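I opened a new model today and kept notes as I went. Here is what I looked up.

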Amino acid sequence: MAASRKPKSKHPTAGSPFLLLATAAVAIGLIWILLSSSTSVFRFPFTLLIGTAKASEKDGPSGLERKYLYWGNRIDCPGKHCDSCEGLGHQESSLRCALEEALYLKRVFVMPSRMCINPIHNKKGILHNLNATSDERWAAGSCAMNSLYDVDLISKTIPVILDNSKMWYRVLSTSMKLGKRGLAHVEGTSRDDLKYKSFYSNVLLINRTASSLSWFMECKDRTNHSSVLLPYSFLPMSAAPKLRDAANRIKELLGDYDAIHVRRGDKIKTRKDRFGVPRSLHPHLDRDTRPEFIQARIERWIAPGRTLFVASNERKPGFFSTLSARYKLAYSSNYSSILDPIIENNYELFMVERLILAGATTFVKTFKEEEDDLSLTDDPKKNTKKWQIPVLIKENERR
């Protein structure tokens, strides 16, 4: 009796050499097309083919029923900051800019899966290791975007996928097959044209990386409030769940409290003029953020005996201790049992502190940003181009 044989499958199995070879060929070809394109700087992280990150992929059976907006795999890149990056606030302005454009165009935003961390906010020694590869430096000098933000929460307002997700690979692969209907590289094109001109509005994927400017520079018209679609608080309030949970636990322990944000280090730096005289863009800031001047400033708003949470980039230990004669001082360092297990860099710490500051009964900022803000100094925060001699005494004490 002849032994029975299983019929041969007409399709290659998942482990067949043919399928593996075909998949590798497609992947290599796709990467070669992207990197060799002479019409744009459309570059993607090699990890986009892996698709390990969790992303919001609730767009339907395939996700291709929606249209997409891509603006680079680094928030400060393309532009002049590709080898380094700005601080969290600057990068958030850029990210909010891109999210607003996606909201206006009714497109899914392809969000970078990692955010660059400015070296002064990262304690990882690899940043100073000259023998580290560029990939190692980038890994050490960045953090996962979903460790900072709740992507699912953001997606309730603007649909978002990460650029290392399977959905992004699917969109990218399809856009290459569709030709002009699949992908449009844009530079210097207005939002209205992108939204209403059929050449752009019908295309699956709009690539914004053709611009030589960083995202932030694309949104300099944010002073025109009619063009602002998202409030400043949108990203701070969209912090990752672990950060929101930590902030809520600390706020519960603080009870009824007030708060001040004291920005010193980076803003009180001076430079000498040609005569060797130190000058500053914020001439009163060093004075106004010293404890004796803080106390005189906030006593009209915060009564003595109140719990005062202090968030600051001042590095001198005990710098604000004299305020304890009037207030019950609290710092994030008092809650290390809550923060140490989850905080990996200063970006995460500052995001927790922002949530705590927002929950205060009375909150005093360093600079006045809105008309109703309470502030420690009257120096303007931005657009200061005049270098002045720092003032360290009260104006009425001058001789």
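Is Asn207 buried or exposed? I found Asn207 buried, because its relative accessibility is 0%. Buried means under 20% relative accessible area, exposed over 50%, and partly exposed in between, with a 1.4 Å probe and protein chains only.

I note the ground rules. This is a predicted model, where local features need pLDDT of at least 70, side-chain atom pairs count only at pLDDT 80 or more, and totals for chains, interfaces and linings use all residues. Residues are numbered from 1 along each chain as its sequence is written, and side-chain values use heavy atoms, with hydrogens and water left out.

I placed Asn207 in strand 7 (residues 205–207). Helices (H or I, at least four residues) and strands (E, at least two) are DSSP runs, numbered from the N terminus. The Asn207 side chain has a polar contact with the His185 side chain, at 2.6 Å. A polar contact is a pair of N or O atoms within 3.5 Å; within protein, one must be able to donate a hydrogen and the other to accept it, and residues adjacent in sequence count only if both atoms are side-chain atoms.

Next I checked strand 11 (residues 307–312). It is largely enclosed by the rest of the structure, because 5 of its 6 residues are buried. Strand 8 (residues 257–262) pairs with strand 11 in the parallel sense over 6 bridges. Pairing takes at least two DSSP bridges between two strands.

Last, I turned to Met351, in helix 14 (residues 346–358). Met351 is buried, at 0% relative accessible area. Met351 and Leu88 are 263 residues apart in sequence, yet 9.2 Å apart in space, C-alpha to C-alpha.
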